[in-house]
Amino acid sequence: MKCSTNPGIEYLLNHPGTLKVIQDTNKETKARRAFVPCRCRVFSSPVISLEEQKKYYFHINRESASILPHIIHNNVQKLVPARDDDPCIKDIFNRKRAIGIVFSGGPAPGGHNVIAGIFDAAMKANPESKIYGFILGPNGILENHHVEITQELVDQYRNLGGFTMIKTGRTKIDSQQKVELSRQACISLNLDSLVIVGGDDSNTNAAFLAQKLKDDGIQVIGVPKTIDGDIQVKDDNGHSLCATSFGFHSAARAFAQNISNLCTDASSDLKYWHVCKVMGRVASHLALETALQTHVNLTLIGEDLADYVDHARLTKAEERGEVDYTAFGITLRRLSRLICDAIVKRAGAGKNYGVMIIPEGVLEFINEIQIFIIKLNTIIADYNQIHDLDFHASFPSLDAKLEYLRRLSRGITEKKASPIWNARDDELFNDLPAFFQEGLLVERDTHGNFQFSQVETEKIIMDMVKDYLHILKEKGEYKVGIHKELFFNAMNRACLDADAYGKILFRNYGDSLYLLVKKNIISQKTLKKALMDSGMINEDEKIPDAVIDIYKKSVPNFKTQTHFYGYDGRGSNPTKFDCNYTYNLGLTAFGLIASGATGQMAAIRNLEHDFEQWEPIGIPLAKLMHLEERKGRLTLVMEKSIVDLQSNAFIILKSMREKWLAAEHGEDHYRKPGPVRFRGDSEEDKPISLVLNSIQVPEGQ
Ligand code: FBP
């Protein structure tokens, strides 16, 4: 068709130059598809068997033992080359199989390689095997919506990010009916096994399905996925079995590249504080890793804040012979004060700009918010259960929700006042800004989890920071330090006596490189008064322009730019580390299946060490379960791991805080990690936090 408005369009569209640059596939994608990940040594063996590793010990949770009896006695299993003199093992290993795979939860870079690993291993063992992918997550199992995974499909997605091949979803298989539907789907496809690639909740699903499908002879294997990095497994004696989930490294590297670009921008025009909220539903692993990669000026770690102690408050109470329990833990108010301290300190050194990282899940660690989240989770779950209705559908607007809470606190709804929501809760909740109330009342996900990504955490915190900075400005405590040389040059140019003015204007004149205007000088009026009081000018005289200019430079204008790093990094292409990790997870999952395992999570031990030391294993899912509050009830789920404040990675971050805040003369200490590299050498081939945590500190050091 000819386009009359653009006469040259046909020519342009068909020009080889155009065709070369506008096609969907580029060199990078082709190189990714062609890349062959490294295989752990055991996978060069034609047949694999499992070696029980009884040296790893886990305490058995009673609830887990009673609910998951078929898989509770599983041990850690190491994949080892099988003896080649046993034809029976060989036949079983290489028999024709049908394997189902499902992605569950948020995408994470590397998922396609898990499929590729399973596919390649299954085809090598028996080319007649069938691999099916359930579409759109666990819902695909319930609706038996699947696709057969072919060589062509696998090759199209090798080493590429996302879960595009079979998509994902967050449906939970949490009722007898859903378990039965899953069973039917597996039976109708003649599946021998099902691989669930997911986070803590999805691996919980895997454990329950392994238990239920055992009698049908269907094996279920989990794979540790989540950019949050909160699937980390150690046995009870501290032996690390799974140092991180896949996708963590790639997402952290993607965030770090963008954040480090902001550091460059901030230190170029010196006018903004960039506030970067970084994903991680609860745990702050991503914030920690991104901080280690970029050296931003300020990083909040939720787990660390929860450990906060207000020593001044504690001492005051001690003097009265009391213990002030409110001194323990962080409140929103205290948090905003901590951030303000850092901002004021940097401003004093002439740096009224910077970059800070706020973990998405930080609210979980703030006393008053955590209480609200738990209470509201319970109220919403109770409402849904008692009335068999959906709370959010019944009360669509914020006003309707608030009215329900008000009625609950007065006992109008359930005939008596709620033990969970009382008048005090109602009062405190009503003090919060509407957007935050709305955030706390957002719909929970299918697992009953609070959806932190839906709340503008950074806005809540930064609004409080701005308010308090305003107070500090009024009190004359928040000032931009003036470089001595700048002051002297300005005075000299205006032929003014620098010493005389310096002593009147600054509180640290003579001592410091950066001069701080006295606290009582907070306006041109107070400036004039100070000059008059010291006899420098008379009432009818004007303040010299050069002095006004210096004063204006000392008045901070706090400007922020907020950014959310989450979905973008989650969709990034995998790093080489994640390409290798996930491919070997796929090979491991097949190795476990072909060796008869069920109720195990495929994992790679020694991830923190060189590739030669990587060790494919199976970890018993049932032994990773504990009781946790979900939808207002104690529920058996896989334990999430949060940032360990005794870990080397956190200790290093803590000891670098002052340096990276850089509230002193000189350049900041920003680090540029560069883009996610796939080709070429990189000095950083695994997460920095893993490298640091693997360093053994000798006793007595
Ligand atoms: P998974 O635990 O399922 O991997 O998802 C983690 C995550 O990326 C969190 O970091 C984030 O809070 C959440 O998913 C966002 O979920 P959604 O995609 O439903 O908005």
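Predicted model: local features only at pLDDT ≥ 70, side-chain atom pairs only at ≥ 80, totals over all residues.

Reader: How do H6 and H27 cross, and at what angle?

Author: Helix H6 (residues 111-125) and helix H27 (residues 576-594) have axes that come within 7 Å and cross at roughly 45°. Helices here are DSSP runs (H or I, at least four residues), numbered from the N terminus. Axes are lines fitted to C-alpha atoms over the stretch in contact, and angles run from 0 to 180 degrees between N-to-C directions.

Reader: Which orientation class is that for H6 and H27?

Author: H6 and H27 are therefore oblique to each other. The classes are roughly parallel under 35 degrees, roughly antiparallel over 145, roughly perpendicular from 65 to 115, and oblique for the rest.

Reader: Which residues of H6 and H27 meet?

Author: From H6, they include Asn113, Gly117 and Asp120; from H27, they include Cys579, Tyr583 and Phe590. Contact means heavy atoms within 4.5 Å. By class, that contact of H6 with H27 has 11 nonpolar, four polar and one charged residues. Ala, Val, Leu, Ile, Met, Phe, Trp, Tyr, Cys and Pro count as nonpolar, Asp, Glu, Lys and Arg as charged, and the others, Gly among them, as polar.

Reader: And H16 with H18, what angle there?

Author: The axes of H16 (residues 367-387) and H18 (residues 398-410) cross at roughly 95° and come within 13 Å. That makes H16 roughly perpendicular to H18. Leu376, Ile379 and Tyr383 of H16 meet Tyr404, Leu405 and Leu408 of H18. Those residues are six nonpolar, no polar and no charged.

Reader: How do H22 and H23 cross?

Author: H22 (residues 484-493) and H23 (residues 498-505) cross at roughly 130°, with axes that come within 10 Å. H22 and H23 are therefore oblique to each other.

Reader: New topic. How many residues surround the ligand?

Author: There are 14, and the closest are Gly106, Arg170, Asp228, Glu360 and Tyr567. A residue is near if one of its heavy atoms lies within 4 Å.

Reader: How far is Lys225 from a ligand oxygen?

Author: A polar side-chain atom of Lys225 is 2.9 Å from an oxygen atom of the ligand. For Thr226, an N or O atom in the side chain lies 3.0 Å from a ligand oxygen.

Methods
Residues numbered from 1 in each chain as written. Heavy atoms only, no water. Helix = DSSP H or I, 4+ residues; strand = E, 2+ residues; numbered from the N terminus. Polar contact = N/O pair within 3.5 Å; in protein donor to acceptor, adjacent residues only side chain to side chain.
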